[in-house]
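Trainee: I am new to this kind of picture and would like to learn how to read it. Could we go through it together?

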There are 4 protein chains.
Amino acid sequence: MAFLPLPSLPRSFAAIPRPQKCRSPRMTTASPSAPVKVAILGASGYTGAELLRILAQHPRAQITTLTAERSAGKTIGQVYPQFSYGLFASHLPVLEKTTDVQKWTERADVVFCCLPHATTQNIIASLPLDDGLRVVDLSADFRLRDVEQYHQWYGGEHQAQQLQKEAVYGITELFRDQVRTARLVANPGCYPTSAQLPLIPLLREKLILPQDIIIDAKSGTSGAGRSPKVGTLFCEVADGISAYGVARHRHTPEIEQGLSEAYGSPIRVSFTPHLMPMSRGILATIYVKLAPGCDAKTLRQCLQRAYQSEHFVHVLDEGLPPPQTRHVRGSNNCVIAVVDDAVPGRAILVSCIDNVVKGASGQAVQNMNVMMGLPESMGLENQPMFP
Amino acid sequence: MAFLPLPSLPRSFAAIPRPQKCRSPRMTTASPSAPVKVAILGASGYTGAELLRILAQHPRAQITTLTAERSAGKTIGQVYPQFSYGLFASHLPVLEKTTDVQKWTERADVVFCCLPHATTQNIIASLPLDDGLRVVDLSADFRLRDVEQYHQWYGGEHQAQQLQKEAVYGITELFRDQVRTARLVANPGCYPTSAQLPLIPLLREKLILPQDIIIDAKSGTSGAGRSPKVGTLFCEVADGISAYGVARHRHTPEIEQGLSEAYGSPIRVSFTPHLMPMSRGILATIYVKLAPGCDAKTLRQCLQRAYQSEHFVHVLDEGLPPPQTRHVRGSNNCVIAVVDDAVPGRAILVSCIDNVVKGASGQAVQNMNVMMGLPESMGLENQPMFP
Amino acid sequence: MAFLPLPSLPRSFAAIPRPQKCRSPRMTTASPSAPVKVAILGASGYTGAELLRILAQHPRAQITTLTAERSAGKTIGQVYPQFSYGLFASHLPVLEKTTDVQKWTERADVVFCCLPHATTQNIIASLPLDDGLRVVDLSADFRLRDVEQYHQWYGGEHQAQQLQKEAVYGITELFRDQVRTARLVANPGCYPTSAQLPLIPLLREKLILPQDIIIDAKSGTSGAGRSPKVGTLFCEVADGISAYGVARHRHTPEIEQGLSEAYGSPIRVSFTPHLMPMSRGILATIYVKLAPGCDAKTLRQCLQRAYQSEHFVHVLDEGLPPPQTRHVRGSNNCVIAVVDDAVPGRAILVSCIDNVVKGASGQAVQNMNVMMGLPESMGLENQPMFP
Amino acid sequence: MAFLPLPSLPRSFAAIPRPQKCRSPRMTTASPSAPVKVAILGASGYTGAELLRILAQHPRAQITTLTAERSAGKTIGQVYPQFSYGLFASHLPVLEKTTDVQKWTERADVVFCCLPHATTQNIIASLPLDDGLRVVDLSADFRLRDVEQYHQWYGGEHQAQQLQKEAVYGITELFRDQVRTARLVANPGCYPTSAQLPLIPLLREKLILPQDIIIDAKSGTSGAGRSPKVGTLFCEVADGISAYGVARHRHTPEIEQGLSEAYGSPIRVSFTPHLMPMSRGILATIYVKLAPGCDAKTLRQCLQRAYQSEHFVHVLDEGLPPPQTRHVRGSNNCVIAVVDDAVPGRAILVSCIDNVVKGASGQAVQNMNVMMGLPESMGLENQPMFP
């Protein structure tokens with residue numbers, strides 16, 4: 001809309017980010033208006049498609065590489081017909097195999113890696129990060145810093161342990177400074193994003209107790225990916241709901257890692273994900289115990305302070321109706337409400353994101369923007385789509 | 001199916017129930033094979049329609065009265081076209097006003113009252129209960145025994161306080177003996193049914209702690225009724241989820257009443273309902289703290305013992321996938337799973353019902369069966385519908 | 001419901017059916033109250049599951065065999081958890097391989113064959129039909145009487161051409177007499193059932209022209225089966241609609257065969273199926289040209305005459321709202337409306353069925369009932385489920 | 001995306017449009033970079049909300065007025081929470097009554113009128129069109145040029161018959177030149193857009209016969225608006241489909257008007273709309289008879305020629321899978337496929353739009369862009385959202 005000073009204000013970064021380890025000549029030649037060349041590995045999944053949708057509106061991104069194993073040789077329009085039409089389609093490269101790394105890295109400044117976990121770590125280990133290439137990894141491979149924990153939850157030994165330690169965990173609002181200079185950003189899981197955005201500021205300030213945190217999360221089915229399985233067929237998801245991975249979902253250690261770090265000592269959480277008949281969205285209902293002297297208002301004020309200058313995280317004022325996933329659909333927003341529980345000493349947090357945007361591809365682009373010194377909301381300005 | 005001794009075994013009731021206060025000559029004339037004459041007040045809502053669907057298969061029920069205020073004079077087929085066809089339709093009475101009580105009570109043995117709360121209490125107070133008429137009330141008017149609490153949560157003074165005290169709370173499995181002789185059964189709310197069936201046996205045996213019980217419930221939209229409101233329009237419900245009534249839903253005191261009674265001292269719970277895009281079903285995810293020495297297995301065994309001879313309540317064995325609302329859709333079943341939480345000392349219960357059946361009309365018919373000395377599962381034998 | 005003379009009136013069959021070719025001693029021993037022993041081949045698909053749901057309520061059926069290739073050795077409750085509970089579950093046989101035909105045919109009076117087309121014909125050819133075994137085949141293998149046409153639309157040569165000629169096409173209302181004595185009934189496709197029920201009586205009486213019949217059909221996703229494919233994933237079906245198989249869907253020749261036969265000369269139709277986000281249901285919107293002197297009323301009267309004594313086919317009176325798939329969901333009903341088009345000389349028919357019931361398993365049981373001399377609606381009496 | 005010459009190429013308009021009747025000083029002062037001041041009347045409905053979503057991304061639009069009767073005095077964020085957050089929200093005016101026309105017209109260059117039909121004509125008649133105000137009306141009031149026809153289909157006499165004659169029917173691609181200089185554009189109905197885009201070029205070139213055109217259309221529920229009615233409740237729309245307004249839907253004369261004009265003589269069509277469980281989208285399946293010598297290829301080529309330089313209308317090449325509404329969701333695209341029917345001499349067209357975008361608010365903005373001399377795709381560049 002016009003007459004706004006700018007739809008998305010460039011945040012005042014002191015300077016164009018200069019990754020510490022980057023000695024790449026490519027970086028130094030990057031001028032403020034040059035396009036950012038982007039490779040998307042694993043473009044045939046839902047997060048790959050969503051990156052395309054977002055980057056189509058990004059004035060600085062130029063997609064130079066799209067990879068997909070089974071669909072190599074096809075156009076992306078053959079995989080996702082919505083990308084068959086118009087100018088955007090005509091500028092997209094044909095899908096190729098991920099394997100010939102050297103070839104495509106030569107035309108990339110940033111890599112979005114949307115590959116399955118385990119295979120991801122080998123690919124990323126082979127990338128020329130020392131030459132200035134920046135990577136945002138959307139898999140789970142670099143989210144857990146603890147090598148043992150990775151082994152325990154994902155099986156197999158991690159093949160790139162050095163990088164695992166180096167990787168920056170990319171909830172942008174919470175770790176912006178580290179993201180700025182990172183070579184490798186581990187883009188957070190969808191559930192962990194929905195849970196940590198409301199909880200971490202509260203734990204940092206010790207306004208809630210570390211015990212008995214319950215995270216009951218409801219997710220859209222796109223989170224289960226595009227590989228055909230009985231459990232995600234229309235007839236098996238429509239008109240119903242089910243809990244899954246009860247007490248053993250892999251996002252649990254990721255959440256606990258973030259909360260523990262914020263609080264300064266180990267935290268265990270009860271986390272239950274649910275699969276429900278919506279395509280996009282996560283709603284997390286979070287039950288917490290208040291630190292002495294705190295109530296919902298204390299918590300709300302803490303969160304409003306923490307996110308007051310953020311584009312994408314919004315903390316509702318008291319008395320407003322709780323957020324709905326529909327109200328963030330297609331946007332990079334996270335909306336949070338805080339309510340006093342009827343039981344004294346307790347509060348309830350409700351947090352909503354679009355799992356494919358703020359929970360995956362949107363946050364990945366947000367991280368890219370920060371890494372490349374671009375305005376953080378570039379390409380992510382669109383309003384939610386409702387109805 | 002043939003060759004089963006009987007698909008639903010008549011439970012061995014010692015004798016035909018004889019309500020203590022009943023001096024009605026009508027009751028004494030009731031022969032074992034005579035039809036049970038049924039009046040449904042408020043038949044144009046979803047619970048009324050569901051009663052019709054169920055009673056259509058009930059070999060002993062005969063519907064003699066259907067009332068509806070705005071639709072009086074119409075056939076039920078004009079309100080619900082699915083009931084326009086066939087023999088069943090041709091035997092249904094035309095909708096009439098509820099007001100002329102005397103007229104229709106003369107042809108009723110049992111009344112199902114599906115009216116809005118507040119108006120319900122006046123109607124029921126005017127019924128000739130002393131003459132042996134039995135009432136199953138599906139509204140909230142007689143669920144809370146405490147007059148003050150009713151006033152606090154529903155506003156206005158209760159107009160039938162004597163009956164409020166007399167009414168039997170009808171989770172059939174838990175209060176069968178009282179239901180048998182009751183003149184007035186307060187049919188439980190849908191959420192309270194889904195929460196109390198798993199929790200009450202555990203609290204009776206003190207296997208879980210009374211503190212920090214969290215009930216996170218997800219409901220189908222039929223629970224919101226058929227009156228048109230923006231919030232239940234297709235576009236406002238589809239492809240999303242929202243919490244509502246956070247920390248102040250009226251089913252909270254109903255749940256707390258049942259749990260407190262079971263435990264022997266007051267219990268407060270955190271209860272959050274969610275509205276989601278399914279027509280039928282409630283899934284309640286319940287987080288509890290274990291009493292010392294207990295684990296999920298202890299809880300599971302307790303529940304399996306409690307419900308081992310029940311038709312409708314099923315407690316899953318260890319290791320099975322958690323229940324889905326789809327798997328109880330259209331049936332009177334409640335399926336419960338118990339899982340050890342990853343956090344020591346905690347467990348997670350998942351409970352599924354069809355909110356319109358076990359959460360409303362199915363349990364109402366189950367209560368009628370018990371009240372009239374019929375096999376408890378009569379008319380409720382159909383399998384769930386999936387897909 | 002009580003006081004109805006009987007919820008499902010046994011149709012007055014002159015005698016217990018006696019298939020002409022049947023010389024089986026087994027048949028002669030069948031007493032009126034003996035159970036009908038049923039084998040379901042391919043029980044792990046949606047039509048298999050639906051047969052179970054229906055037969056669970058069938059007072060004369062006894063399921064003696066369930067087969068499934070990949071799931072052999074499992075209980076049906078492991079494949080469909082909704083069948084895990086209660087008495088019904090405990091009486092179901094464990095899934096076994098289809099291959100050992102001799103073993104399970106010994107304990108079967110009727111076989112429901114829910115196998116993929118092509119493999120079906122070989123299995124059925126191997127069955128001891130001469131010994132009185134009756135078969136209802138839910139695949140497409142025996143629907144087309146013309147061997148050439150089968151070859152053209154399904155590829156490969158038919159392996160049981162003699163049986164293909166003998167098989168009776170089982171739209172029960174239209175071919176009841178042939179079904180009664182058939183050894184092998186080809187249970188019709190879901191789309192063909194929804195199209196032929198309204199069209200065949202009109203063509204038999206030549207009330208509509210044979211040219212330019214348009215059948216625009218919208219189907220629930222269960223019609224696509226339970227095998228996982230990208231195209232039937234929740235995210236690919238929800239909140240949208242698509243046409244598929246335009247001008248080349250395999251149900252076209254099946255429809256044309258029935259219409260041509262009814263009219264007495266070849267008829268071609270335009271048939272377009274659509275996949276939409278519902279689990280069950282087909283709505284066919286059919287555009288026809290009126291024969292001279294006819295209008296919607298003529299057509300409606302013809303259909304009402306044709307179906308006036310039927311349990312399951314209902315033709316709406318003038319002025320009623322058009323039928324909805326929701327109003328037949330879970331039932332064996334077909335509801336038909338006839339409307340004058342605004343364009344002179346044209347009419348529009350709307351026909352609704354549940355694709356899994358009247359479009360598959362319900363009609364299969366209806367055919368079994370006719371074949372075995374049972375009341376035609378036995379096990380099929382339940383009302384539609386709405387909401 | 002960068003490196004495209006421009007994501008949306010400004011079409012080469014010979015000059016900034018200059019409406020013939022415009023003598024307004026305001027127009028002459030409009031500089032190429034000045035914002036276009038926009039008023040949205042009836043902003044609380046779905047089309048109003050969608051205008052906001054689109055205009056939020058429009059670099060030249062500035063929303064100066066939002067009206068709503070019942071919600072006057074509220075912020076739009078109170079009506080649509082998705083607009084509560086961020087910079088965009090903070091720049092939106094508070095909702096006011098429509099009645100004080102003079103006040104808000106002073107700050108408007110363009111008016112989008114999303115009011116109910118009938119009331120619309122009075123409001124628009126009172127607007128200062130002579131002063132250069134441009135109006136895009138999203139109601140039905142100015143779509144039918146024939147006064148008698150309006151009366152017949154909508155009842156009541158038209159209150160602004162002069163304007164009714166003047167109004168330009170705004171399917172942008174087909175009537176761009178008239179739109180450019182129009183004071184009042186009648187924004188087309190959703191169904192008529194989906195039907196006329198594929199049919200008009202074919203009729204103009206007489207490649208299809210004018211008889212027996214069948215339009216079978218399936219619509220998302222947002223088309224029914226946000227006013228609560230039983231028929232659009234979630235439980236009444238989910239998991240099913242119904243035809244409505246069969247042979248008497250008000251979009252019929254609108255479609256016939258466009259087709260007749262294109263063909264040069266009166267055309268009647270069979271048009272059946274269906275309501276189905278999706279929030280957004282229309283898929284129209286259109287059955288036509290070919291003119292002698294034509295086949296699907298002829299038709300396809302005609303349409304590809306007609307739309308080859310269009311941003312938003314895409315005609316699929318032979319052999320591609322038919323379009324799905326999901327593939328245009330949230331975009332202003334219309335995708336069309338042409339297939340030879342199996343019946344000789346016939347073809348089938350499938351056309352998909354998002355009913356709220358190309359079927360309403362998107363096309364309205366497209367028209368505004370044309371009227372104001374802006375690049376036609378400005379604000380409408382976003383890719384479809386799938387999943």
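**Strands, helices and copies**

Mentor: Let us begin with one pair of residues: A:Val36 has A:Ala61 as its bridge partner in strand 2 of chain A. Please keep in mind that this is a predicted model, where local features need pLDDT of at least 70 and side-chain atom pairs count only at pLDDT 80 or more, while totals for chains, interfaces and linings use all residues. Residues are numbered from 1 along each chain as its sequence is written, and chains are lettered from A and ligands numbered from 1 in the order in which they are written.

Trainee: How many bridges join strand 1 of chain A to strand 2 of chain A?

Mentor: Strands (E, at least two residues) and helices (H or I, at least four residues) are DSSP runs, numbered from the N terminus. Two strands pair if DSSP finds at least two bridges between them. Here, strand 1 and strand 2 (residues 61–67) of chain A run parallel and are joined by five bridges.

Trainee: Is strand 1 of chain A buried or exposed?

Mentor: A residue is buried if 20 or more other C-beta atoms, placed from the backbone, lie within 10 Å of its own, exposed if 12 or fewer, and partly exposed in between. In strand 1 (residues 36–41) of chain A, six of the six residues are buried, so the strand is largely enclosed by the rest of the structure. One side carries A:Val36, A:Val38 and A:Ile40, the other A:Lys37, A:Ala39 and A:Leu41, and both faces are covered.

Trainee: In what order do the strands of the open sheet in chain D come?

Mentor: Seven strands of chain D make up that sheet, in the order 9-10-8-11-14-13-12, with mixed pairing. Strand 9 (242–243) and strand 12 (313–315) of chain D are the edge strands, each pairing on one side only. Strand 11 (residues 282–289) and strand 14 (residues 346–353) of chain D run antiparallel, joined by eight bridges. Within strand 14 of chain D, D:Ser351 is the bridge partner of D:Ala284.

Trainee: At what angle do helix 10 and helix 14 of chain B pack?

Mentor: Axes are lines fitted to C-alpha atoms, for helices over the stretch in contact, and angles run from 0 to 180 degrees between N-to-C directions. Helix 10 (residues 190–204) and helix 14 (residues 357–371) of chain B pack at about 95 degrees, with their axes 8 Å apart. The two helices of chain B are therefore roughly perpendicular (65 to 115 degrees; under 35 counts as roughly parallel, over 145 as roughly antiparallel and the rest as oblique). Helix 10 of chain B makes the contact through B:Cys190, B:Thr193 and B:Ser194, and helix 14 of chain B through B:Lys358, B:Gly359, B:Ala360 and B:Gln363.

Trainee: How many residues does the contact take from chain A and from chain B?

Mentor: Two residues are in contact if their C-beta atoms, placed from the backbone, lie within 7 Å. This contact takes 39 residues from chain A and 39 residues from chain B. Elements giving two or more residues to the chain A side include strand 8 (213–219) and strand 10 (269–275) of chain A.
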